[in-house]
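I am opening a notebook page on this structure. Each entry below records one thing that I looked up.

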Amino acid sequence: MRRQTTRRCFSLKIERFGVHTTPLASRQEWPCRITSDVRYNVLFDARQVVRSNAALLIPAYHKEPGVPPSPRIFIAGLFHETHTFLDGTTGWEDFQILRGAEILAIKGESSPMGGALEVAEKLGWDVFPALSAAAYPSAIVQTAVFEKYWSEFSAALAKCLASGPLDGIFLVLHGAMACETIDDVEGVLLERLSQQLLNSGRALSPAIPVFGVYDLHANFTPKMAEHSHCLVAYRENPHADARESAVRAVHLLSRSLQSSALPRTILAQPPIVWPPTGTGTASNPMQGLLKTARQLQHDHPNFWEVNVTPGFAFADTFDTGLSFGIITTGNAEEANVALEQLSAQAWKLAAVGNVLEKSVDEVLPGLPRNESGLTVIAEPSDNIGGGAPGDCTGLLRAFINYGFTNTAVCLCDPDAVRELQKHALGTMVSIAIGGRGSRLDPGPLELTVKLIKICDGLFELRDRQSHLASMVGDRFNMGDCAVVEYAGITILLTSVKTPPMDLGQWLHVGFDPSNFSFVGVKAAVSHQRAWDPISKGNIWVSTPGPCSSDLRSLPYRKLRRPVFPLDDINTPD
(Lines give C-alpha, C1' and ligand atoms only; values in the text may rest on other atoms or scores of the structure.)
Protein backbone atom coordinates (compact mmCIF):
# COMPACT_ATOMS: atom_id res chain seq x y z
CA MET A 1 0.00 0.00 0.00
CA ARG A 2 1.38 3.38 -0.93
CA ARG A 3 1.10 6.09 1.65
CA GLN A 4 1.93 9.76 1.52
CA THR A 5 1.93 11.44 4.93
CA THR A 6 3.46 14.04 7.17
CA ARG A 7 4.21 13.22 10.77
CA ARG A 8 1.33 11.44 12.52
CA CYS A 9 -0.94 10.76 9.51
CA PHE A 10 -1.33 7.04 8.94
CA SER A 11 -3.64 4.52 7.35
CA LEU A 12 -4.95 1.18 8.52
CA LYS A 13 -6.68 -1.58 6.58
CA ILE A 14 -9.23 -3.73 8.35
CA GLU A 15 -8.82 -6.73 6.07
CA ARG A 16 -11.94 -8.62 7.04
CA PHE A 17 -14.39 -6.22 5.47
CA GLY A 18 -12.06 -4.21 3.28
CA VAL A 19 -12.47 -1.05 5.36
CA HIS A 20 -9.56 1.33 4.90
CA THR A 21 -9.31 3.78 7.76
CA THR A 22 -7.75 7.23 7.59
CA PRO A 23 -7.56 8.93 10.98
CA LEU A 24 -7.29 12.68 10.68
CA ALA A 25 -4.29 14.85 11.20
CA SER A 26 -4.37 17.91 13.34
CA ARG A 27 -4.56 21.35 11.79
CA GLN A 28 -0.86 21.84 12.54
CA GLU A 29 0.00 18.85 10.33
CA TRP A 30 -1.40 20.38 7.15
CA PRO A 31 -0.67 19.71 4.34
CA CYS A 32 -1.35 15.98 4.44
CA ARG A 33 -2.78 13.88 1.65
CA ILE A 34 -3.48 10.20 2.12
CA THR A 35 -3.52 8.02 -0.97
CA SER A 36 -3.80 4.30 -1.41
CA ASP A 37 -3.71 1.74 -4.17
CA VAL A 38 -6.19 -0.51 -2.37
CA ARG A 39 -8.43 -1.94 -5.08
CA TYR A 40 -11.67 -1.46 -3.22
CA ASN A 41 -13.33 -0.40 0.02
CA VAL A 42 -11.46 2.88 0.31
CA LEU A 43 -12.24 5.05 3.31
CA PHE A 44 -11.18 8.47 2.21
CA ASP A 45 -10.95 11.69 4.17
CA ALA A 46 -8.19 13.60 2.38
CA ARG A 47 -9.84 17.00 2.10
CA GLN A 48 -10.82 17.14 5.73
CA VAL A 49 -7.42 15.98 6.99
CA VAL A 50 -6.75 19.65 7.63
CA ARG A 51 -9.31 19.60 10.40
CA SER A 52 -9.43 18.14 13.90
CA ASN A 53 -11.14 14.89 14.84
CA ALA A 54 -13.72 16.66 16.92
CA ALA A 55 -16.46 18.93 15.61
CA LEU A 56 -14.60 21.66 13.81
CA LEU A 57 -15.49 25.25 14.47
CA ILE A 58 -14.99 27.65 11.60
CA PRO A 59 -15.42 31.40 11.71
CA ALA A 60 -19.01 32.42 11.10
CA TYR A 61 -19.81 34.70 8.19
CA HIS A 62 -19.42 38.36 9.03
CA LYS A 63 -22.42 40.20 10.38
CA GLU A 64 -23.21 43.87 10.54
CA PRO A 65 -23.97 45.00 14.09
CA GLY A 66 -27.60 44.19 14.84
CA VAL A 67 -28.34 43.10 11.28
CA PRO A 68 -27.69 39.42 10.54
CA PRO A 69 -26.84 39.10 6.86
CA SER A 70 -28.46 36.50 4.66
CA PRO A 71 -26.16 33.57 3.92
CA ARG A 72 -25.08 33.77 0.30
CA ILE A 73 -25.28 30.34 -1.35
CA PHE A 74 -24.06 29.25 -4.80
CA ILE A 75 -26.43 26.64 -6.29
CA ALA A 76 -25.89 24.44 -9.35
CA GLY A 77 -26.89 21.04 -10.69
CA LEU A 78 -25.50 18.26 -12.89
CA PHE A 79 -27.67 15.19 -13.40
CA HIS A 80 -27.10 12.22 -15.67
CA GLU A 81 -27.10 8.47 -15.11
CA THR A 82 -24.69 7.10 -17.70
CA HIS A 83 -25.12 3.61 -19.19
CA THR A 84 -21.65 3.02 -20.63
CA PHE A 85 -22.60 -0.22 -22.43
CA LEU A 86 -25.09 1.51 -24.74
CA ASP A 87 -24.23 2.39 -28.32
CA GLY A 88 -23.79 6.05 -29.23
CA THR A 89 -23.13 9.11 -27.07
CA THR A 90 -25.08 11.77 -25.21
CA GLY A 91 -24.52 15.33 -26.44
CA TRP A 92 -25.13 18.83 -25.13
CA GLU A 93 -28.41 18.98 -27.06
CA ASP A 94 -29.73 16.06 -24.97
CA PHE A 95 -29.50 18.07 -21.75
CA GLN A 96 -32.02 20.51 -20.38
CA ILE A 97 -29.99 23.58 -19.49
CA LEU A 98 -31.19 26.13 -16.96
CA ARG A 99 -29.27 29.27 -16.08
CA GLY A 100 -29.74 32.00 -13.49
CA ALA A 101 -33.38 33.05 -13.22
CA GLU A 102 -34.48 29.93 -15.08
CA ILE A 103 -33.30 27.90 -12.08
CA LEU A 104 -35.15 30.13 -9.63
CA ALA A 105 -38.33 29.64 -11.68
CA ILE A 106 -38.59 25.97 -10.64
CA LYS A 107 -38.70 26.84 -6.94
CA GLY A 108 -41.38 24.75 -5.25
CA GLU A 109 -41.54 22.06 -7.94
CA SER A 110 -41.34 18.36 -7.09
CA SER A 111 -37.71 17.97 -8.14
CA PRO A 112 -34.77 18.07 -5.72
CA MET A 113 -33.79 21.49 -7.06
CA GLY A 114 -37.35 22.76 -6.63
CA GLY A 115 -37.39 21.61 -3.03
CA ALA A 116 -33.95 23.00 -2.24
CA LEU A 117 -34.86 26.44 -3.58
CA GLU A 118 -38.13 26.54 -1.69
CA VAL A 119 -36.46 25.82 1.65
CA ALA A 120 -33.57 28.17 0.85
CA GLU A 121 -36.11 30.96 0.50
CA LYS A 122 -37.74 30.06 3.82
CA LEU A 123 -34.34 30.10 5.48
CA GLY A 124 -33.68 33.57 4.11
CA TRP A 125 -30.73 32.60 1.94
CA ASP A 126 -29.44 34.85 -0.79
CA VAL A 127 -29.22 32.30 -3.61
CA PHE A 128 -26.80 32.72 -6.50
CA PRO A 129 -28.27 30.37 -9.17
CA ALA A 130 -25.53 29.30 -11.56
CA LEU A 131 -26.17 26.44 -13.96
CA SER A 132 -28.21 23.24 -14.07
CA ALA A 133 -27.80 20.55 -16.72
CA ALA A 134 -29.93 17.40 -16.65
CA ALA A 135 -30.58 14.62 -19.13
CA TYR A 136 -32.45 11.35 -19.03
CA PRO A 137 -30.39 8.19 -18.51
CA SER A 138 -28.58 7.33 -21.74
CA ALA A 139 -25.26 6.46 -23.35
CA ILE A 140 -21.84 7.78 -22.37
CA VAL A 141 -21.61 11.58 -22.35
CA GLN A 142 -19.35 13.38 -24.79
CA THR A 143 -16.36 14.88 -23.00
CA ALA A 144 -17.10 18.21 -24.67
CA VAL A 145 -20.39 18.33 -22.76
CA PHE A 146 -18.70 18.27 -19.38
CA GLU A 147 -16.02 20.74 -20.45
CA LYS A 148 -18.70 23.14 -21.67
CA TYR A 149 -20.58 22.68 -18.41
CA TRP A 150 -17.44 23.29 -16.38
CA SER A 151 -16.59 26.39 -18.38
CA GLU A 152 -19.98 27.95 -17.56
CA PHE A 153 -19.96 26.65 -13.98
CA SER A 154 -16.47 28.03 -13.33
CA ALA A 155 -17.34 31.41 -14.85
CA ALA A 156 -20.48 31.64 -12.71
CA LEU A 157 -18.51 30.73 -9.58
CA ALA A 158 -15.87 33.35 -10.39
CA LYS A 159 -18.61 35.95 -10.83
CA CYS A 160 -20.18 34.93 -7.55
CA LEU A 161 -16.88 35.13 -5.69
CA ALA A 162 -16.08 38.50 -7.20
CA SER A 163 -19.44 40.05 -6.35
CA GLY A 164 -19.50 39.40 -2.62
CA PRO A 165 -18.88 37.01 0.25
CA LEU A 166 -19.80 33.37 -0.34
CA ASP A 167 -21.06 31.33 2.62
CA GLY A 168 -21.85 27.98 1.04
CA ILE A 169 -22.22 25.84 -2.07
CA PHE A 170 -25.16 23.52 -2.73
CA LEU A 171 -25.17 21.02 -5.61
CA VAL A 172 -27.89 18.79 -7.02
CA LEU A 173 -26.06 15.80 -8.51
CA HIS A 174 -26.79 12.33 -9.80
CA GLY A 175 -23.46 10.71 -9.01
CA ALA A 176 -23.25 8.20 -11.87
CA MET A 177 -22.26 10.42 -14.78
CA ALA A 178 -19.40 9.30 -17.02
CA CYS A 179 -17.79 10.90 -20.06
CA GLU A 180 -15.70 9.51 -22.88
CA THR A 181 -12.47 10.44 -21.07
CA ILE A 182 -13.71 11.02 -17.49
CA ASP A 183 -15.21 8.12 -15.56
CA ASP A 184 -15.83 10.08 -12.36
CA VAL A 185 -17.47 13.26 -13.61
CA GLU A 186 -18.88 14.41 -10.26
CA GLY A 187 -15.56 13.74 -8.54
CA VAL A 188 -13.72 15.80 -11.13
CA LEU A 189 -16.31 18.58 -10.85
CA LEU A 190 -15.85 18.73 -7.08
CA GLU A 191 -12.07 18.55 -7.43
CA ARG A 192 -12.02 21.46 -9.87
CA LEU A 193 -14.40 23.39 -7.64
CA SER A 194 -12.06 22.90 -4.68
CA GLN A 195 -9.09 24.03 -6.75
CA GLN A 196 -10.92 27.14 -7.92
CA LEU A 197 -11.81 28.03 -4.34
CA LEU A 198 -8.19 27.46 -3.34
CA ASN A 199 -6.91 29.65 -6.16
CA SER A 200 -9.35 32.38 -5.18
CA GLY A 201 -8.16 32.31 -1.59
CA ARG A 202 -11.58 31.18 -0.37
CA ALA A 203 -10.78 27.53 0.45
CA LEU A 204 -9.55 28.36 3.97
CA SER A 205 -10.24 31.04 6.59
CA PRO A 206 -13.11 30.36 6.66
CA ALA A 207 -13.73 27.24 4.62
CA ILE A 208 -16.76 27.32 2.34
CA PRO A 209 -19.08 24.37 3.01
CA VAL A 210 -19.78 22.21 -0.05
CA PHE A 211 -23.08 20.40 0.47
CA GLY A 212 -25.57 18.74 -1.84
CA VAL A 213 -27.87 15.86 -2.67
CA TYR A 214 -27.38 12.89 -4.97
CA ASP A 215 -29.22 9.90 -6.42
CA LEU A 216 -29.29 6.59 -4.58
CA HIS A 217 -27.87 4.96 -7.74
CA ALA A 218 -24.69 7.02 -7.71
CA ASN A 219 -21.33 5.32 -7.98
CA PHE A 220 -19.88 7.31 -5.11
CA THR A 221 -16.12 7.75 -5.35
CA PRO A 222 -13.26 8.67 -3.01
CA LYS A 223 -12.80 11.88 -4.98
CA MET A 224 -16.42 12.86 -4.32
CA ALA A 225 -15.86 12.31 -0.61
CA GLU A 226 -12.52 14.11 -0.62
CA HIS A 227 -13.78 17.31 -2.20
CA SER A 228 -17.12 17.78 -0.45
CA HIS A 229 -18.31 18.16 3.12
CA CYS A 230 -21.79 16.66 3.05
CA LEU A 231 -23.50 15.02 0.08
CA VAL A 232 -26.82 13.41 1.04
CA ALA A 233 -28.20 10.33 -0.75
CA TYR A 234 -31.84 9.54 -1.45
CA ARG A 235 -33.13 6.84 0.90
CA GLU A 236 -35.87 5.32 -1.23
CA ASN A 237 -36.08 3.37 -4.47
CA PRO A 238 -38.43 4.19 -6.16
CA HIS A 239 -37.16 7.71 -5.39
CA ALA A 240 -40.21 9.05 -3.58
CA ASP A 241 -37.94 11.01 -1.24
CA ALA A 242 -35.72 12.79 -3.76
CA ARG A 243 -37.16 16.22 -2.96
CA GLU A 244 -37.22 15.40 0.74
CA SER A 245 -33.55 14.39 0.60
CA ALA A 246 -32.63 17.69 -1.02
CA VAL A 247 -34.53 19.50 1.72
CA ARG A 248 -32.70 17.44 4.33
CA ALA A 249 -29.37 18.40 2.77
CA VAL A 250 -30.33 22.10 2.77
CA HIS A 251 -31.14 21.92 6.47
CA LEU A 252 -27.80 20.26 7.11
CA LEU A 253 -26.04 23.12 5.32
CA SER A 254 -28.05 25.53 7.44
CA ARG A 255 -26.90 23.61 10.53
CA SER A 256 -23.31 23.98 9.40
CA LEU A 257 -23.69 27.72 8.84
CA GLN A 258 -25.40 28.29 12.18
CA SER A 259 -23.06 26.11 14.24
CA SER A 260 -19.89 26.87 12.27
CA ALA A 261 -19.23 23.12 12.20
CA LEU A 262 -17.90 21.38 9.10
CA PRO A 263 -18.51 17.66 8.75
CA ARG A 264 -16.53 15.35 6.49
CA THR A 265 -17.25 12.11 4.64
CA ILE A 266 -15.79 8.73 5.56
CA LEU A 267 -16.38 6.29 2.70
CA ALA A 268 -16.39 2.50 2.42
CA GLN A 269 -16.79 0.57 -0.84
CA PRO A 270 -17.42 -3.17 -0.38
CA PRO A 271 -16.64 -5.05 -3.64
CA ILE A 272 -20.32 -5.68 -4.41
CA VAL A 273 -22.33 -4.72 -7.48
CA TRP A 274 -26.07 -5.32 -7.62
CA PRO A 275 -28.35 -4.98 -10.68
CA PRO A 276 -31.09 -2.34 -10.37
CA THR A 277 -33.63 -5.09 -9.67
CA GLY A 278 -31.75 -5.82 -6.44
CA THR A 279 -31.77 -2.23 -5.15
CA GLY A 280 -35.42 -1.66 -4.21
CA THR A 281 -35.72 -0.31 -0.69
CA ALA A 282 -38.92 -2.17 0.22
CA SER A 283 -37.00 -5.45 0.50
CA ASN A 284 -33.54 -6.75 1.34
CA PRO A 285 -30.71 -6.08 0.94
CA MET A 286 -31.47 -2.36 0.89
CA GLN A 287 -34.28 -2.48 3.44
CA GLY A 288 -32.04 -4.03 6.09
CA LEU A 289 -29.05 -1.83 5.31
CA LEU A 290 -31.11 1.34 5.50
CA LYS A 291 -32.63 0.25 8.80
CA THR A 292 -29.13 -0.22 10.21
CA ALA A 293 -28.05 3.16 8.80
CA ARG A 294 -30.93 4.96 10.52
CA GLN A 295 -30.15 3.22 13.81
CA LEU A 296 -26.48 4.18 13.55
CA GLN A 297 -27.44 7.77 12.89
CA HIS A 298 -29.73 7.71 15.92
CA ASP A 299 -27.07 6.20 18.15
CA HIS A 300 -24.23 8.51 17.10
CA PRO A 301 -24.93 12.24 17.50
CA ASN A 302 -21.78 13.05 15.53
CA PHE A 303 -23.21 11.34 12.44
CA TRP A 304 -25.01 13.98 10.40
CA GLU A 305 -26.01 11.44 7.75
CA VAL A 306 -25.39 7.77 6.99
CA ASN A 307 -25.64 7.12 3.25
CA VAL A 308 -26.37 3.72 1.74
CA THR A 309 -25.67 3.93 -1.99
CA PRO A 310 -26.13 0.72 -4.02
CA GLY A 311 -24.68 2.25 -7.19
CA PHE A 312 -25.48 1.93 -10.88
CA ALA A 313 -24.34 -1.38 -12.33
CA PHE A 314 -24.50 -0.34 -15.99
CA ALA A 315 -21.52 1.99 -15.71
CA ASP A 316 -18.13 0.47 -16.41
CA THR A 317 -16.01 2.50 -13.99
CA PHE A 318 -13.52 1.53 -11.31
CA ASP A 319 -15.82 2.61 -8.48
CA THR A 320 -19.10 1.15 -9.75
CA GLY A 321 -21.10 -0.54 -7.01
CA LEU A 322 -22.18 -0.38 -3.40
CA SER A 323 -20.82 2.23 -1.01
CA PHE A 324 -21.48 3.53 2.48
CA GLY A 325 -20.74 7.10 3.51
CA ILE A 326 -20.82 8.55 6.98
CA ILE A 327 -20.99 12.33 7.28
CA THR A 328 -19.53 13.15 10.65
CA THR A 329 -17.97 15.74 12.88
CA GLY A 330 -16.68 13.01 15.16
CA ASN A 331 -13.47 11.04 15.00
CA ALA A 332 -12.71 8.59 12.22
CA GLU A 333 -12.55 5.55 14.48
CA GLU A 334 -16.20 5.99 15.45
CA ALA A 335 -17.21 6.05 11.80
CA ASN A 336 -14.97 3.10 10.93
CA VAL A 337 -16.71 0.81 13.41
CA ALA A 338 -20.08 1.72 11.94
CA LEU A 339 -18.84 1.19 8.39
CA GLU A 340 -17.48 -2.21 9.34
CA GLN A 341 -20.92 -3.14 10.67
CA LEU A 342 -22.62 -2.04 7.44
CA SER A 343 -20.05 -3.85 5.31
CA ALA A 344 -20.51 -7.07 7.26
CA GLN A 345 -24.27 -6.87 6.81
CA ALA A 346 -23.87 -6.19 3.08
CA TRP A 347 -21.81 -9.34 2.65
CA LYS A 348 -24.45 -11.42 4.40
CA LEU A 349 -27.08 -10.03 2.02
CA ALA A 350 -24.93 -9.94 -1.12
CA ALA A 351 -26.59 -12.92 -2.82
CA VAL A 352 -30.08 -11.54 -2.06
CA GLY A 353 -29.32 -8.46 -4.14
CA ASN A 354 -28.14 -10.43 -7.16
CA VAL A 355 -31.62 -10.72 -8.65
CA LEU A 356 -32.01 -12.71 -11.87
CA GLU A 357 -35.28 -13.00 -13.78
CA LYS A 358 -36.67 -16.06 -15.52
CA SER A 359 -37.06 -15.98 -19.30
CA VAL A 360 -40.27 -14.45 -20.63
CA ASP A 361 -40.90 -17.70 -22.51
CA GLU A 362 -40.67 -19.59 -19.26
CA VAL A 363 -43.00 -17.27 -17.33
CA LEU A 364 -45.81 -16.10 -19.62
CA PRO A 365 -47.27 -19.46 -20.70
CA GLY A 366 -48.05 -20.34 -17.09
CA LEU A 367 -49.88 -17.14 -16.15
CA PRO A 368 -53.67 -17.45 -15.61
CA ARG A 369 -55.74 -15.36 -18.03
CA ASN A 370 -59.22 -15.49 -16.52
CA GLU A 371 -58.62 -13.80 -13.16
CA SER A 372 -59.78 -10.31 -12.30
CA GLY A 373 -57.38 -7.52 -11.51
CA LEU A 374 -54.20 -6.15 -13.07
CA THR A 375 -50.86 -7.93 -13.14
CA VAL A 376 -47.77 -5.88 -14.01
CA ILE A 377 -45.11 -7.59 -16.13
CA ALA A 378 -41.80 -5.81 -15.65
CA GLU A 379 -39.15 -5.96 -18.38
CA PRO A 380 -35.97 -4.71 -16.68
CA SER A 381 -33.72 -5.44 -19.68
CA ASP A 382 -35.39 -2.49 -21.44
CA ASN A 383 -35.44 -0.32 -18.31
CA ILE A 384 -35.92 3.25 -19.52
CA GLY A 385 -34.88 4.60 -16.12
CA GLY A 386 -31.57 2.79 -16.58
CA GLY A 387 -30.89 4.25 -20.02
CA ALA A 388 -32.42 1.58 -22.26
CA PRO A 389 -34.13 2.75 -25.48
CA GLY A 390 -37.62 1.73 -24.41
CA ASP A 391 -38.36 0.22 -27.81
CA CYS A 392 -37.27 -3.40 -27.36
CA THR A 393 -39.85 -5.84 -28.64
CA GLY A 394 -39.20 -8.93 -26.52
CA LEU A 395 -42.17 -8.59 -24.16
CA LEU A 396 -44.57 -7.42 -26.89
CA ARG A 397 -43.60 -10.38 -29.05
CA ALA A 398 -44.27 -12.74 -26.14
CA PHE A 399 -47.67 -11.17 -25.43
CA ILE A 400 -48.60 -11.78 -29.06
CA ASN A 401 -47.11 -15.27 -29.29
CA TYR A 402 -48.96 -16.50 -26.19
CA GLY A 403 -52.29 -14.90 -27.09
CA PHE A 404 -52.58 -12.33 -24.31
CA THR A 405 -55.60 -10.00 -24.52
CA ASN A 406 -56.80 -6.99 -22.52
CA THR A 407 -53.11 -6.25 -22.31
CA ALA A 408 -51.17 -3.00 -22.74
CA VAL A 409 -47.59 -2.01 -23.43
CA CYS A 410 -45.79 1.24 -24.25
CA LEU A 411 -42.86 1.61 -26.66
CA CYS A 412 -40.91 4.64 -27.79
CA ASP A 413 -41.00 4.85 -31.58
CA PRO A 414 -41.09 8.35 -33.09
CA ASP A 415 -40.80 6.93 -36.62
CA ALA A 416 -43.94 4.86 -36.17
CA VAL A 417 -45.79 7.83 -34.67
CA ARG A 418 -44.91 10.01 -37.65
CA GLU A 419 -46.14 7.33 -40.05
CA LEU A 420 -49.39 6.84 -38.15
CA GLN A 421 -50.07 10.59 -38.17
CA LYS A 422 -50.63 10.27 -41.92
CA HIS A 423 -53.65 8.01 -41.43
CA ALA A 424 -57.23 8.49 -40.27
CA LEU A 425 -58.40 7.16 -36.94
CA GLY A 426 -59.99 3.73 -37.15
CA THR A 427 -58.04 2.61 -40.19
CA MET A 428 -55.85 -0.47 -40.37
CA VAL A 429 -52.20 0.35 -40.91
CA SER A 430 -49.28 -1.98 -41.65
CA ILE A 431 -46.30 -0.68 -39.75
CA ALA A 432 -42.94 -1.66 -38.22
CA ILE A 433 -42.87 -1.09 -34.45
CA GLY A 434 -39.84 -0.76 -32.14
CA GLY A 435 -36.63 -2.75 -32.28
CA ARG A 436 -34.39 0.08 -33.50
CA GLY A 437 -32.65 1.21 -30.32
CA SER A 438 -30.62 -1.84 -29.30
CA ARG A 439 -28.58 -4.30 -31.31
CA LEU A 440 -29.61 -6.94 -28.74
CA ASP A 441 -33.24 -6.79 -29.90
CA PRO A 442 -34.49 -8.93 -32.83
CA GLY A 443 -35.51 -5.75 -34.65
CA PRO A 444 -38.75 -4.01 -35.68
CA LEU A 445 -41.97 -5.99 -35.35
CA GLU A 446 -44.15 -5.88 -38.48
CA LEU A 447 -47.83 -5.61 -37.53
CA THR A 448 -51.12 -4.52 -39.09
CA VAL A 449 -52.73 -2.43 -36.37
CA LYS A 450 -55.89 -0.39 -35.85
CA LEU A 451 -55.19 3.28 -35.21
CA ILE A 452 -57.11 4.39 -32.11
CA LYS A 453 -55.73 7.80 -31.19
CA ILE A 454 -53.25 10.51 -32.11
CA CYS A 455 -52.40 13.13 -29.46
CA ASP A 456 -49.72 15.24 -27.82
CA GLY A 457 -47.78 13.79 -24.90
CA LEU A 458 -47.52 16.56 -22.30
CA PHE A 459 -49.03 15.44 -19.00
CA GLU A 460 -49.09 16.51 -15.38
CA LEU A 461 -47.65 13.99 -12.96
CA ARG A 462 -50.33 12.40 -10.79
CA ASP A 463 -47.78 11.72 -8.06
CA ARG A 464 -45.52 14.62 -7.16
CA GLN A 465 -43.35 12.28 -5.08
CA SER A 466 -42.85 9.70 -7.81
CA HIS A 467 -39.52 8.48 -9.13
CA LEU A 468 -40.30 10.47 -12.28
CA ALA A 469 -40.84 13.65 -10.27
CA SER A 470 -37.30 13.27 -8.91
CA MET A 471 -36.08 13.50 -12.50
CA VAL A 472 -38.35 16.09 -14.15
CA GLY A 473 -40.46 17.92 -11.57
CA ASP A 474 -44.20 18.29 -12.16
CA ARG A 475 -44.65 17.60 -15.88
CA PHE A 476 -43.40 15.23 -18.55
CA ASN A 477 -43.66 15.43 -22.33
CA MET A 478 -43.82 12.12 -24.18
CA GLY A 479 -43.79 13.97 -27.50
CA ASP A 480 -46.36 13.15 -30.17
CA CYS A 481 -48.16 9.91 -29.34
CA ALA A 482 -50.24 7.28 -31.10
CA VAL A 483 -52.37 4.48 -29.65
CA VAL A 484 -52.96 1.36 -31.72
CA GLU A 485 -54.53 -2.05 -31.12
CA TYR A 486 -53.40 -5.46 -32.26
CA ALA A 487 -55.21 -8.72 -31.40
CA GLY A 488 -56.44 -7.51 -28.01
CA ILE A 489 -53.22 -5.68 -27.13
CA THR A 490 -53.22 -1.90 -26.71
CA ILE A 491 -49.91 -0.33 -27.75
CA LEU A 492 -49.01 3.23 -26.75
CA LEU A 493 -46.29 4.65 -29.00
CA THR A 494 -44.42 7.76 -27.83
CA SER A 495 -41.86 10.00 -29.49
CA VAL A 496 -39.84 10.43 -26.29
CA LYS A 497 -38.93 7.45 -24.16
CA THR A 498 -41.07 7.69 -21.05
CA PRO A 499 -40.23 5.90 -17.81
CA PRO A 500 -43.37 4.09 -16.55
CA MET A 501 -43.20 5.81 -13.18
CA ASP A 502 -46.47 7.77 -13.23
CA LEU A 503 -49.98 6.67 -14.21
CA GLY A 504 -50.47 9.99 -15.97
CA GLN A 505 -48.71 8.41 -18.94
CA TRP A 506 -51.77 6.24 -19.66
CA LEU A 507 -54.48 8.49 -18.22
CA HIS A 508 -53.35 11.29 -20.52
CA VAL A 509 -54.09 9.23 -23.63
CA GLY A 510 -57.50 8.20 -22.31
CA PHE A 511 -56.90 4.80 -20.71
CA ASP A 512 -57.32 3.79 -17.08
CA PRO A 513 -54.53 1.24 -16.70
CA SER A 514 -56.30 -0.51 -13.83
CA ASN A 515 -58.85 -1.82 -16.35
CA PHE A 516 -56.25 -3.97 -18.14
CA SER A 517 -55.50 -7.55 -17.12
CA PHE A 518 -51.79 -7.22 -17.92
CA VAL A 519 -49.54 -4.21 -18.48
CA GLY A 520 -45.93 -4.48 -19.57
CA VAL A 521 -43.58 -1.88 -18.08
CA LYS A 522 -40.00 -1.19 -19.08
CA ALA A 523 -38.55 -0.80 -15.61
CA ALA A 524 -36.76 -2.60 -12.79
CA VAL A 525 -38.09 -1.17 -9.52
CA SER A 526 -38.89 2.51 -10.13
CA HIS A 527 -42.41 1.81 -11.44
CA GLN A 528 -43.68 0.17 -8.27
CA ARG A 529 -44.81 3.28 -6.40
CA ALA A 530 -47.20 4.08 -9.25
CA TRP A 531 -48.36 0.59 -10.18
CA ASP A 532 -48.46 -1.37 -6.92
CA PRO A 533 -51.58 0.41 -5.57
CA ILE A 534 -53.67 -0.55 -8.63
CA SER A 535 -52.31 -4.04 -9.30
CA LYS A 536 -52.23 -7.51 -7.78
CA GLY A 537 -48.47 -7.54 -8.05
CA ASN A 538 -45.41 -7.62 -10.27
CA ILE A 539 -43.79 -10.38 -12.28
CA TRP A 540 -40.30 -9.77 -13.64
CA VAL A 541 -39.20 -11.44 -16.87
CA SER A 542 -35.97 -11.59 -18.84
CA THR A 543 -35.95 -10.44 -22.47
CA PRO A 544 -33.17 -9.33 -24.83
CA GLY A 545 -32.03 -5.80 -23.97
CA PRO A 546 -29.16 -3.63 -22.70
CA CYS A 547 -30.16 -3.55 -19.01
CA SER A 548 -29.93 -7.24 -18.25
CA SER A 549 -29.86 -8.14 -14.56
CA ASP A 550 -27.26 -10.80 -15.36
CA LEU A 551 -24.18 -8.67 -14.73
CA ARG A 552 -21.88 -11.49 -15.82
CA SER A 553 -23.11 -10.88 -19.36
CA LEU A 554 -21.73 -7.31 -19.43
CA PRO A 555 -18.24 -6.63 -20.86
CA TYR A 556 -16.71 -4.79 -17.89
CA ARG A 557 -13.15 -3.56 -18.49
CA LYS A 558 -12.59 -0.84 -15.88
CA LEU A 559 -14.46 -2.15 -12.85
CA ARG A 560 -12.23 -3.04 -9.90
CA ARG A 561 -11.76 -6.77 -9.48
CA PRO A 562 -12.44 -9.09 -7.81
CA VAL A 563 -16.03 -8.04 -7.22
CA PHE A 564 -19.27 -9.86 -6.46
CA PRO A 565 -21.06 -11.35 -8.42
CA LEU A 566 -18.59 -11.28 -11.31
CA ASP A 567 -15.92 -13.13 -9.35
CA ASP A 568 -15.80 -15.82 -6.71
CA ILE A 569 -14.98 -14.06 -3.45
CA ASN A 570 -14.58 -15.61 -0.03
CA THR A 571 -17.01 -13.40 1.85
CA PRO A 572 -16.78 -12.92 5.61
CA ASP A 573 -18.90 -15.15 7.84
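How are H7 and H8 oriented to each other? I find the axes of helix H7 (residues 286-299) and helix H8 (residues 332-353) within 10 Å, crossing at roughly 165°, and H7 and H8 are therefore roughly antiparallel to each other, a term for angles over 145 degrees. Helices here are DSSP runs of at least four residues, strands of at least two, and axes are lines fitted to C-alpha atoms, with angles from 0 to 180 degrees between N-to-C directions.

I note that this is a predicted model, in which local features need pLDDT of at least 70 and side-chain atom pairs pLDDT 80 or more, while totals for chains, interfaces and linings use all residues. Numbering starts from 1 along each chain, and side-chain values use heavy atoms, without hydrogens and water.

Next I looked up the contact (heavy atoms within 4.5 Å): in H7, Gly288, Leu289, Thr292, Ala293 and Leu296 meet residues of H8 including Ala338, Gln341 and Leu342.

I then turned to Ser438, which is found in the loop between strand E17 (428-433) and strand E18 (445-455). Ser438 is buried, with a relative accessible area of 10%, where buried means under 20% with a 1.4 Å probe, protein chains only. Leaving out residues up to four places away in sequence, I list Pro389, Asp391, Cys392 and Pro546 as touching Ser438. Between Ser438 and Cys392 there are 7.1 Å in space, C-alpha to C-alpha, although they stand 46 residues apart in sequence.

Conventions:
Angles under 35 degrees count as roughly parallel, over 145 as roughly antiparallel, 65 to 115 as roughly perpendicular and the rest as oblique. Buried means under 20% relative accessible area, exposed over 50%, partly exposed in between (1.4 Å probe, protein chains only).
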